[in-house]
Amino acid sequence: MIRAYKFRIYPDKEQIQNLESTLNACRELYNAMLQQRIYAYRMGRKVTRYSQVNEIPEVKKAFPEFNNIHSQVIQEVPVRLDKAYDNFFERVDKKYNGKNIKAGFPRFKSRKRYNSITYPQSGFKLLENGHILASKIGEIRMFMHRPVDGRIRTLTFKRNSAGEWYAIIIAGNPSKKKPVEDHFSILNEDMNPVGYDVGLKSLITDSNGEHTEEPQYFRKSEKSLAKANRNLSRKKKYSKNWFKANRRLSRVYRKTVRQRDDYSNKLSRDIVDNGNLIVFEALNIQGMVRNHHLAKSIADASWYDIIRKTTYRAESAGKVVLQVDPGNTSKMCSKCGNIKKDLKLSDRIYKCNACELTIDRDENAAINIKNRGLLLFLYAYVYLQKHFKKVGRVTSEFTPEEIGALPARATPVVETGSPRL
Ligand SMILES: [Zn+2]
């Protein structure tokens, strides 16, 4: 996990002067480089970040004040300019796609608007006493209110509008893929398997019988989406009103997508908290793509998103997410395995005609999903143990050949995270 840590720093008078003059020099360099790119563009030439980095030694010769600045801090300036250009092109793209924004070409920066300098790799050090040592600036008093985890990557000094200074430290290690046997560590703990059925009536139902209803605002935004869509279809294509309706539709669409995104974040957190072996039905992606109903396709996509987010979160929490074969999960009795062929969509209660089980329809499906996941998980465990005697070994991963040698019965079941079968 890579994180940003923001700490208040207390530079002394001389250090403040130093920081300010560094800021100012970097700002002037930034503006000069922007100017250079604009000129070059007008002359039909192209100036890149690399060519500008290569010119820095000459800049230093001409302007000795740059010798008082750490070289990497100077080199980071054209990187910043690149980012400004990237953001500009991104906004142009969005505008082209109907978003009502200003594209805003990269601007020359005033003193007010240029507020930070960055050490992109080295030239600084966190000290034992919690202060920070930065090349060409010195040791600055810092209030480190929490420890910094992992490898330290970059340091940025930033001044806010009140004139206070902060150090922003980016640190952490990229999350590593776990060896296969690590995924089986939940066998030693409480496995707590939970299956989830994506329902018609409730949004989801879990195998403990908990229903999660769709938030009210989903319905509302679906309605406005449909309305905006109808509105657009009534306009003459490429007319002024058509463009207007188009913009409106994309606004409503983006709002809907954002709502879904917030919600799927929350839901995936709840799901990961709720169990250690998490089982979903495999989604039929092809069916999703073929679906032309706008609101429905967003709902499908957000399911895909919920599974993706859950898998991601589960992985860092040491939990396992599986997707299992969705065939007959509704029609099968979760107690005796009997298939009830005449189950109708309108039947809310599942009544088994072989064993008397009477249960909520979605809960029955969720239990079937849980059982399939449990079976698959144990099956994979036993299989790997029997054939490779490697489960329990902690050093290395299974090779692709070993994983490819798994029997076909295990493969139609798509798995999203771990274990990799
Ligand atoms: Zn039964």
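Helix 5 and helix 6 cross with a left-handed sense. The model in which this crossing is seen is predicted.

**The helix pair**

Helix 5 covers residues 216–233 and helix 6 covers residues 240–274. Their axes lie 9 Å apart, and the packing angle is about 160 degrees. Angles over 145 degrees count as roughly antiparallel, so helix 5 is roughly antiparallel to helix 6.

| Helix | Residues in the contact |
|---|---|
| Helix 5 | Y217, S221, S224, L225, A228, N229, N231, L232 |
| Helix 6 | W242, A245, N246, R248, L249, V252, Y253, K255, T256, Q259 |

Sorted by class, this contact consists of 9 nonpolar, 7 polar and 2 charged residues. R248 and K255, both from helix 6, are among the residues in the contact.

**K125**

K125 sits in strand 3, which runs over residues 124–126. E139 is 14 residues away from K125 in sequence, and the C-alpha to C-alpha distance between K125 and E139 is 9.2 Å.

**The chain as a whole**

The chain contains 10 helices and 14 strands. Of its 421 residues, 25% are buried. Among contacts with a separation of 6 or more, 65% are between residues 24 or more positions apart.

Note on methods. Residues are numbered from 1 along each chain as its sequence is written. This is a predicted model: local features need pLDDT of at least 70, side-chain atom pairs count only at pLDDT 80 or more; totals for chains, interfaces and linings use all residues. Helices (H or I, at least four residues) and strands (E, at least two) are DSSP runs, numbered from the N terminus. A residue is buried if 20 or more other C-beta atoms lie within 10 Å of its own, exposed if 12 or fewer, and partly exposed in between; C-beta atoms are placed from the backbone. Two residues are in contact if their C-beta atoms, placed from the backbone, lie within 7 Å. Axes are lines fitted to C-alpha atoms, for helices over the stretch in contact, and angles run from 0 to 180 degrees between N-to-C directions. Angles under 35 degrees count as roughly parallel, over 145 as roughly antiparallel, 65 to 115 as roughly perpendicular and the rest as oblique. A crossing is left-handed if the near helix is turned anticlockwise from the far one by less than a right angle, and right-handed if clockwise. Ala, Val, Leu, Ile, Met, Phe, Trp, Tyr, Cys and Pro count as nonpolar, Asp, Glu, Lys and Arg as charged, and the others, Gly among them, as polar.
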